[in-house]
Amino acid sequence: MSKQAIGVFDSGVGGVSIWKEITALLPFEDTVYLADSKNAPYGQKSKEKILEYCIKNTELLIEKGCKIVVVACNTATTNAIAFLRENYNIPFIGIEPAIKPAALQTRTNAIGILATRGTLSSELFHTTSQKFTAGIEVIEQIGEGIVPLIEAGQIDSPEMIALLKQYLNPMLDANIDHLVLGCSHYPFLIPTIKKIIGDTITIIDSGEAVAKQTDAILKERNLLNNSTSISHHKLYSNSQIETLSLMLQEWNHQYTIKKLNF
């Protein structure tokens, strides 16, 4: 099984931010990436719908021979990963907002969290938040409208800048010193966000941590590919592939991108 691919799925192109971290840390691993853009964003869907999408994505990745599945979506992780782990006989890696490091490192006792409605309303998020944020002001903001703009390739558009200013200015007023990005789409916005909040606020996303956890689990299960041959990466979208292609413009590795109905 060690030569089988790492499977990654997200509600669209956002999980590419996680996938890039994984491929950087594990350069000899093949990967299969599913962009479920047709159903993005998951954050506005019911828990039942999110679970339905996660089952569909997982079964397709298993069908394609994946040895491990990375759920590169905060909303999917918080709403479905417990079910997936109980019902499928392969390891799953999840992603959730990095509240803990922000809470431990804050000096102003104020942190901001920008995430989807599905993540912020989930039981897992509330459990994690309550565990680490006692005595800290937490400014939670639903990023309504952000994911559709990213899916449309509008990362630095006037519409995006206006939305981000609307969401981030109250956090600046609260004197946050850490901003947690609670959606795998959002790291693509870091250059745009920095134009608004400056360089003194620490931006935290979960990509590197997820890659390290994937590496650790592969080693623990003896699933690490010890080959040094060139890796191959297959990316699929069930919507238009232009934005996915745009995300990989400067990525100099062998990959294919195809549209696939799933």
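Before I start, a reminder to myself: I call two strands paired if DSSP finds at least two bridges between them. I am working from a predicted model.

**Entry 1: the enclosed strand**

I began with β5 (110-115). In β7, I found that Ala115 has Gly182 as its bridge partner. That contact belongs to a parallel pairing of β5 with β7 (residues 178-182), built on five bridges. I then looked towards β6 (137-142). There, β5 and β6 run parallel and are joined by six bridges, with Ala115 standing opposite Ile142.

How many residues of β5 are buried? I noted six of the six, so the strand is largely enclosed by the rest of the structure. I also sorted the side chains by direction: Ala110, Gly112 and Leu114 point one way, Ile111, Ile113 and Ala115 point the other way, and all are buried.

**Entry 2: helix α6**

Next came α6 (residues 123-132), where Phe125, Thr128 and Ser129 are the buried residues. Why do they sit on the same side of α6? They cover an arc of only 100° around the axis, and that places them together. These buried residues pack against β5 again, and also against α4 (99-105), α5 (117-120) and β6. On the face turned away from the buried side, I wrote down Glu123, Gln130 and Lys131 as exposed.

**Entry 3: the six-stranded sheet**

I traced an open sheet of six strands, ordered β4-β3-β1-β2-β9-β10, with parallel pairing. Which strands stand at the edges? They are β4 (92-93) and β10 (255-259); each has a single partner strand, so one side of each is left without a neighbour in the sheet.

At the β10 end, I followed the pairing with β9 (residues 233-237), which is parallel and runs over five bridges. Ser237 stands opposite Lys259 of β10. I also checked helix α10 (residues 207-220), which lies across β1 (6-10), β3 (68-71) and β4. Its direction is at about 160° to β3.

**Entry 4: cysteines**

Last, I searched the whole structure for disulfides and came away with zero.

Methods:
Residues are numbered from 1 along each chain as its sequence is written. This is a predicted model: local features need pLDDT of at least 70, side-chain atom pairs count only at pLDDT 80 or more; totals for chains, interfaces and linings use all residues. Side-chain values use heavy atoms; hydrogens and water are left out. A disulfide is a pair of cysteine sulfur atoms within 2.5 Å. Helices (H or I, at least four residues) and strands (E, at least two) are DSSP runs, numbered from the N terminus. Contact means heavy atoms within 4.5 Å. Axes are lines fitted to C-alpha atoms, for helices over the stretch in contact, and angles run from 0 to 180 degrees between N-to-C directions. Buried means under 20% relative accessible area, exposed over 50%, partly exposed in between (1.4 Å probe, protein chains only). The arc is that of the directions from the helix axis to the C-beta atoms.
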